[in-house]
Every structure is written in C-alpha cells, then in structure tokens.
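Have a look at the structure, and then we'll go through it together.

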Amino acid sequence: MQFIDLAAQQARIRQNIDTRIKAVLDHGKYIMGPEIKELEKLFCSFTGAKHCITCASGTDALLMPLMAWGIKEGDAVFMPPFTFFATAEEPALLGATPIFVDIDPVTFNMRPDLLEKAVEAVQKQDASIYPLPKAALERPLKPRAVIPVDLFGQAADYEAIAAIARRHDLMVLEDAAQSFGGSRHGKKNCALGCHAAATSFFPAKPLGCYGDGGAVFTDDDNLAELVRSIRIHGKGQDKYDNVRLGLNARLDTLQAAILLAKMEIFSDEIEARQQVAAWYSKYLGGMPGLTVPTVEEGCVSAWAQYCIMLSEGCRESVAAHLKQKGVPTNIYYPKPQHCLAVFAHLGYAPESMSAALHASRNILALPFHPYMDEAAVQQVAQAMGEALS
Ligand SMILES: *Cc1c(COP(=O)(O)O)cnc(C)c1O
C-alpha cells in the first residue's frame with residue numbers, strides 16, 4: 001500500500017499530460033509561456049478570486065505578499081505553531097517576529113479567541129495576557145499580519161479571524177498550501193475574503209505538479225500588480241526596468257502545462273477524497289483509543305492528509321504494527337514551530353502552546369489519496385484495530 005499513489009493518477013491522465021508537454025516542447029516558450037496565462041485564468045474561474053499569480057513554490061507564494069506589504073523588522077506576524085515551517089519562515093526571513101497562536105485541538109487550526117489575546121499581549125507588551133517571544137517584551141512590535149493555515153485541507157475560521165484583523169488593522173494571508181480545492185460556506189479556499197491567499201503545487205498536495213509550484217490569489221488590484229512585479233525581479237514596464245527588489249519566482253511553463261491537464265480531473269478527485277474520508281470515518285470512527293478528524297459544518301476539506309489522534313504514548317507501537325502489516329504512516333508534524341531549534345531565540349516554552357504540543361505527540365497520518373478503494377481503507381482499519389487491542 002502506498003501513502004499517496006501518484007502513479008494511479010498519472011495512468012488516468014497520461015495521454016493528456018503527454019499532449020500538454022508536447023505542446024510546450026513545440027512552441028518552446030519555457031518561461032512565462034501561454035500555459036501560464038491559461039492556468040491563471042482557469043484558477044480565477046475555479047476559485048472565484050479576481051487575480052491569480054502563479055509562482056515557483058508555496059513558499060514564494062507566502063513570501064511575495066509579505067514583501068509587497070513591506071513586512072520587516074519590528075513587525076509582529078501571527079501564525080499557528082502547528083504547521084509546516086514555511087508559514088513562520090517567510091515572515092522571519094523578512095525580519096519580522098513570529099508570534100505563535102495555539103490551535104483548536106479538533107480542527108488543528110488557529111483559535112481566533114487566542115489570536116485576539118496574542119494581539120493584545122503584543123500591544124501591551126504583557127506576556128501574562130498570552131505567551132510572547134522574548135523579542136516582543138524587549139521592544140514594542142507593530143502587529144501587521146496574520147497567516148492562518150488551512151491544516152490538512154480544512155479552512156480556518158476566517159469569519160472570526162477577519163473581524164479581529166479589521167479591528168487591529170492586520171493583513172490576512174491565508175496559507176492554503178494544503179487546502180486548494182476545498183471550500184468554506186460556499187466560497188472556495190483561496191477566495192475566502194482574505195487580503196491574499198497562498199497555495200502550493202508540491203507533488204503531494206491536493207493539486208500537485210511534477211516539481212515545485214505555487215500561486216498567490218487576491219482581489220486587490222494593487223497587490224496583484226506588486227506581486228507580478230516581485231515575481232520577476234521587481235520589474236517595471238519590462239524586465240530591464242527594475243523598480244524594486246524582487247525574486248525569480250516564476251512557475252515553469254511545463255509545470256503549468258501539467259497542472260492544466262490535472263485540472264480536468266481535479267473536481268472529480270476532490271469528490272473522491274470525500275468518499276475515502278467517509279470510508280475511514282465508517283471503519284475507524286468509534287474505535288476506542290483514537291479520534292478521527294472532523295470537518296466543520298459548511299466546510300469541504302481538500303483532505304491533503306487524513307490524520308487521527310491517538311492516546312498519549314501509543315503512537316510508536318501503533319505505527320510499528322501498521323508498518324508490519326504493510327500500511328505506511330507519517331507524522332505531521334513531529335515538532336511544533338515554537339519548539340524548533342531555528343526559533344529557540346524566541347524563548348517559547350514547549351508547554352506554552354499546549355494544544356500544538358499535544359497534537360505533535362499523538363497525531364498520525366494514514367495512507368490517503370483519491371484512488372484508494374474501500375478494501376484498502378478496511379485493510380488499514382483492520383491493522384489499526386489489532387494495534388489498539
Ligand atoms: C507545503 C506547505 C508550504 C510550502 O509549500 P512549498 O510549495 O513546498 O514551498 C507552506 N505551508 C504549508 C502549510 C504547507 O503545507
């Protein structure tokens with residue numbers, strides 16, 4: 001059994017992929033070829049966002065809006081500690097101080113009530129209101145932006161987060177690296193009303209290319225223009241008329257071609273993911289010693305991962321038993337961000353983010369992809385039952 005079976009998907013669309021790649025080889029426009037515009041247009045109509053700017057990775061998709069907003073040293077940027085490193089890495093790379101906001105233990109997404117507290121704590125430089133990094137006590141930081149993460153494919157609580165952001169004049173950047181294709185209250189992820197959204201097309205994400213790729217989404221004309229400039233070395237009228245510092249962050253034409261072929265089956269795959277998740281709930285739900293993931297009312301998860309929570313202390317033996325039965329597992333994430341060596345200088349105690357710490361110790365990701373059948377899910381459930389008994 002495979003953890004993610006990309007070969008099954010490729011077999012289904014190989015002919016379309018070959019045709020799309022051949023078209024690029026024939027026209028030879030490897031950089032910013034016609035497939036880029038075609039894909040950006042398609043992504044706008046798919047999500048409902050006004051602008052889409054494709055780019056080289058999800059990491060660049062997070063970095064560019066932060067650059068456009070002028071995020072810098074002395075700024076406070078809020079994000080959950082239970083995420084992939086890039087969410088905190090990019091604002092830190094620009095010199096801003098990451099301020100961690102603990103997660104909801106059920107959805108694994110940022111808790112809006114704690115965001116409110118964290119903002120107040122930064123404003124008053126008072127760590128008794130909410131745990132803060134040392135840097136926030138040494139000098140006043142300016143709250144500038146929040147990066148909620150749609151972990152494992154489920155959107156964060158943007159209604160509550162947007163209300164807090166409006167009160168405190170924060171920019172909201174949705175980290176939708178894992179949630180492209182999902183929706184919340186009828187609106188597609190990446191078009192949930194945030195100032196900008198960033199997604200990733202890393203091969204293992206819900207929509208993956210055959211290399212690195214990403215995209216920024218926004219309804220803001222001015223931001224879209226800035227990100228388009230930053231994507232190509234801060235270009236002005238043309239690429240030798242540089243008006244600001246930027247990056248080389250373009251998506252390859254070949255990757256756009258592959259994504260265009262994959263988009264033909266993507267909605268179908270999102271449907272298939274709902275079915276696989278439903279089978280897992282059916283066979284694992286109610287099993288003593290584990291908790292299956294839940295999706296909030298009105299949300300459709302893109303199911304980037306299917307992660308269960310186990311009782312304290314039994315993860316190692318469960319994973320070992322599953323492995324012995326031919327069932328691969330993974331851990332997302334073994335260390336929350338506030339416990340990483342790179343952020344040791346922030347001075348966070350591990351227990352200061354107790355829900356993130358607890359999740360990192362007891363979470364387990366099971367095999368999951370749209371081509372999994374009911375028998376495979378039953379096989380995982382059978383092995384799980386044995387492991388827990
Ligand atoms: C994958 C991921 C990223 C980074 O995307 P890349 O395309 O690998 O650069 C950022 N945030 C989250 C939550 C991710 O899962």
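Predicted model: local features only at pLDDT ≥ 70, side-chain atom pairs only at ≥ 80, totals over all residues.

Which element gives the largest share of the shell around the ligand? That's α3, with three residues. The elements that supply two or more residues are α3 (58–68) and α4 (86–93). The shell has 16 residues, and G58, T59, Q178, S200 and K205 are the ones that come nearest. Sorted by class, six residues of the shell are nonpolar, eight are polar and two are charged.

| Residue | Atom on the protein side | Distance to a ligand oxygen |
|---|---|---|
| G58 | backbone N or O | 2.7 Å |
| Q178 | polar side-chain atom | 2.8 Å |
| S200 | side-chain N or O | 2.6 Å |

How much of the ligand does the protein bury? On its own the ligand exposes 380 Å², and the protein buries 92% of that. As for where it sits, the space taken by the ligand is the largest pocket.

**The chain as a whole**

Stepping back, the protein chain has 12 helices and 13 strands. Its C-alpha trace spans about 65 × 60 × 35 Å along the principal axes. The radius of gyration is 21 Å, which agrees with a compact globule, because a globule of 389 residues would have a value near 21 Å.

**Two backbone spots to check**

Most residues other than glycine have a negative phi, and most peptide bonds are trans. With that in mind, go to F152, which isn't a glycine but has a positive phi of about 60 degrees. You'll find F152 in the loop between β4 (142–146) and α7 (158–168). Then look at the peptide bond joining Y332 and Y333: this bond is cis, with omega at about 5 degrees. Y333 is placed in the loop between α10 (315–324) and α11 (354–362).

Notes: Residues numbered from 1 in each chain as written. Heavy atoms only, no water. Near = heavy atom within 4 Å. Polar contact = N/O pair within 3.5 Å; in protein donor to acceptor, adjacent residues only side chain to side chain. Areas by Shrake-Rupley, 256 points an atom, 1.4 Å probe, with all protein chains shown as cover. 1 Å grid on protein atoms, 1.4 Å probe; cavity = no way out; pocket = protein on both sides within 12 Å on 5 of 7 lines; lining within 4 Å. Sits in = over half its atoms within 2 Å of the grid points. Helix = DSSP H or I, 4+ residues; strand = E, 2+ residues; numbered from the N terminus. Nonpolar A, V, L, I, M, F, W, Y, C, P; charged D, E, K, R; others polar. Rg over C-alpha atoms; globule rule 2.2 N^0.38 Å.
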